Amino acid sequence: MKNIRNFCVIAHIDHGKSTLSDRLLEFTKTIDKRNMVAQTLDNMDLERERGITIKSHAIQMRYVHTDGEVYVFNMIDTPGHVDFSYEVSRSIAACEGALLLVDASQGIQAQTISNLYLAIEHDLEIIPVLNKIDMESAMIDEVSDQIIDLIGCTKEDILLASGKTGIGIQEIMTAVVNRVPAPKGDPEAPLQALIFDSVFNSFRGVIAYFRILNGRMRKGEKVRFFHTSKEYEVDELGILQMNLIPQPYLEAGNVGYIITGIKESREIKVGDTITNAINPCTEAIHGFEDVKPMVFAGLFPIDNDDFEDLRDSLEKLQLNDASLVFEPETSVALGFGFRCGFLGMLHLEIIQERLSREFNMEVITTVPNVSYFATNTKGEAFPVRTPADLPDPNYLQEVQEPYIRAQIITKPEYIGTIMTLCMEKRGILTRQTYLTTYRVELTFELPLAEIVFDFYDRLKSISRGYASFDYSMIDYRASDLVKLEIKLNGENVDALSALVHRSKAESFGRKICTRLKELLPRQQFLIAIQAAVGAKIIARETISALRKDVTAKCYGGDISRKRKLLEKQKEGKKKMRQIGSVEVPQKAFLDVLKLT
Ligand code: GDP
Ligand code: MG
């Protein structure tokens, strides 16, 4: 155990975690240089295409130190985007140390700070690494000073590195050996292992990733999962390299995987403790706090018959993404589906994509909203997660909406435009601190609803990328919230209802109406598109009638062509949803939300 080092790589997004991880894998010959691709650990297609890490990735390396001693390194590369910080916090629980990377050309950014705090909370040894020093724009002295200020280390503690050229890799290895403590724990005690991630494999069933705190896990023995109290035989266990490498046993301090033949996603819970069935430990490990979803939206299968398949897919996805939550929901327009909770809009987008790629499930998403609290006139308080939950205004006493504290780090010349943006988003500036002459930290209190949609993108564009952003929940505050309804020829389309602040209702309603006008095909009759708050119509568009018989041009023509045309039309109908008399293409539900 004294030669094991468990550490994670944390940083703000794009500061070079995945690239530096590549160099460490190469240096330790964990991967052959021939098989090396950039950001090797980002093994999901989606991660490669977008160039971002979505999942944490654990991998084991054997490192021969300069004195000839052999070490086992379990390294976890983590995502940097704020939506995935839950992934980071779980990875941290499996480690004793963290490489904190800071891009030398960018300096300390918002997630540098929030990830650092996560690591400190878990008592990890922090190794600061000034990365990308090969860049011409690297500001080595300035950023070193920022790091010293932030973590209170000395200049000598900071390692200089470049994941691109490989500078500093040996120094990082040495620092991991010398500074990250070896894991503690008693291999002779009863087994106690923490599940920090899991994945569903269609051939092998559920694969759970764990960190053993105490005891040993052996192949063939019976283990018990605390959460369900169910017992299973260990079919296979082993270590995580580029592939799963089976082992006869693993003991305290190690990171590995276990396969027990569990096929049901529900039977495994990330954060659960695995122990021995015959000689169990007395207590479960203090797992992870449940995540609090920030954004809610309904997901509906395109074909109503796929409802059970969608449930199954969501359950399997949940194994690999413990932050996803869902419960059944029904919509008049869309039928049976699920109300799902997400950590943010990027998370929602990724879930949608993963459902499509990994499970072949195409879904329709309803207008996302945050979670509110309402109090009715009887004084009863309840959560509002969908527009349908909001009581009639006559019975409504008060609605409260979630507020966040946002930290924005930027250059002084962007303060003005950022202030304007935040005020438009109903924000209040509470603090302004100069970190150095060229970097200022702004703290705002903002309604969460205003930042989940396009805030981050707009912030990046108005600051030309020189603003980083992080946030945390503070409280709920009274809000003038209304339900915006969309009607087609007077018929409510529940899937397009939205919860919005009264001051934003009109502009939002207008946008949706205009967009629907572009998206809906003309039909045999006139279509009125309306946005309403209560009885009041606040926006309106009209689509004029179409007077054409699709088969008209076939008159006198051959009958098979006519039949084909009708069949094609029927096929097209399947992709339509009937709202009263109006047919709405599935695609319209998807596209109407792309408001920007
Ligand atoms: P992550 O989001 O922290 O995992 O960052 P990535 O490893 O995906 O890198 C983000 C971008 O920075 C990519 O375009 C890399 O090619 C680039 N990059 C990473 N490390 C270095 C470095 O040391 N020097 C330079 N010049 N570019 C780097
Ligand atoms: Mg990455």
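Colleague: Where does Gly16 lie?

Modeller: Gly16 is in the loop between strand 1 and helix 1. Bear in mind that this is a predicted model.

Colleague: Why is Gly16 called buried?

Modeller: Gly16 has a relative accessibility of 13%. Buried means under 20%, so Gly16 counts as buried.

Colleague: And what makes Asp14 exposed?

Modeller: Asp14 sits in the loop between strand 1 (4-11) and helix 1. Its relative accessibility is 55%, and the cut-off for exposed is over 50%, so Asp14 counts as exposed.

Colleague: What is there to say about phi of Asp14?

Modeller: Phi of Asp14 is positive, about 75°, although Asp14 is not a glycine. Most residues other than glycine have a negative phi. Lys132 is another case: its phi is near 60°, again a positive value in a residue other than glycine.

Colleague: Where is Lys132, then?

Modeller: Look in the loop between strand 5 (125-131) and helix 5 (140-151).

Colleague: Why is Lys132 called partly exposed?

Modeller: The relative accessible area of Lys132 is 22%. Buried needs under 20% and exposed needs over 50%, with partly exposed in between, so Lys132 is partly exposed.

Colleague: Which residues come nearest to ligand 1?

Modeller: There are 15 residues around ligand 1, and Asp14, Lys17, Thr19, Asp134 and Gly163 come nearest. Helix 1 (residues 17-27) gives the largest share of that shell, three residues. Sorted by class, the shell has nine polar residues, five charged ones and one nonpolar one.

Colleague: How do you know that Asp134 makes a polar contact with ligand 1?

Modeller: A polar side-chain atom of Asp134 is 2.7 Å from a nitrogen atom of ligand 1. A polar contact needs a pair of N or O atoms within 3.5 Å, so the Asp134 pair qualifies.

Colleague: What about the backbone of Lys17 and of Lys164?

Modeller: A polar backbone atom of Lys17 lies 2.8 Å from an oxygen atom of ligand 1. For Lys164, a polar backbone atom is 3.1 Å from an oxygen atom of the ligand. On its own, ligand 1 has 580 Å² of accessible area, and the protein covers 79% of that.

Colleague: What does UniProt list as "binding site"?

Modeller: The unreviewed UniProt entry lists ten positions under that name, among them Asp14, Gly16, Lys17, Lys132 and Asp134. Over residues 2-184 the chain is 33% helix and 22% strand, with the end C-alpha atoms 9 Å apart.

Colleague: Are Cys8 and Cys281 buried or exposed?

Modeller: Cys8 has 0% relative accessibility, and Cys281 has 10%. Buried means under 20%, so Cys8 counts as buried, and so does Cys281.

Colleague: What makes Thr282 exposed?

Modeller: Thr282 has 77% relative accessibility. Exposed means over 50%, so Thr282 counts as exposed. Thr282 belongs to the loop between strand 16 (273-276) and strand 17 (295-301). Its C-alpha atom is separated by 42 Å from that of Glu26, and the two residues are 256 apart along the chain.

Methods. Residues are numbered from 1 along each chain as its sequence is written. Chains are lettered from A and ligands numbered from 1 in the order in which they are written. This is a predicted model: local features need pLDDT of at least 70, side-chain atom pairs count only at pLDDT 80 or more; totals for chains, interfaces and linings use all residues. Side-chain values use heavy atoms; hydrogens and water are left out. A residue is near a molecule or strand if one of its heavy atoms lies within 4 Å of it. A polar contact is a pair of N or O atoms within 3.5 Å; within protein, one must be able to donate a hydrogen and the other to accept it, and residues adjacent in sequence count only if both atoms are side-chain atoms. Accessible areas come from the Shrake-Rupley method with a 1.4 Å probe; for residues, only the protein chains shown count as cover. Helices (H or I, at least four residues) and strands (E, at least two) are DSSP runs, numbered from the N terminus. Ala, Val, Leu, Ile, Met, Phe, Trp, Tyr, Cys and Pro count as nonpolar, Asp, Glu, Lys and Arg as charged, and the others, Gly among them, as polar. Buried means under 20% relative accessible area, exposed over 50%, partly exposed in between (1.4 Å probe, protein chains only). UniProt positions are given in the numbering used here, feature names are shortened, and annotations may be inferred rather than shown by experiment.
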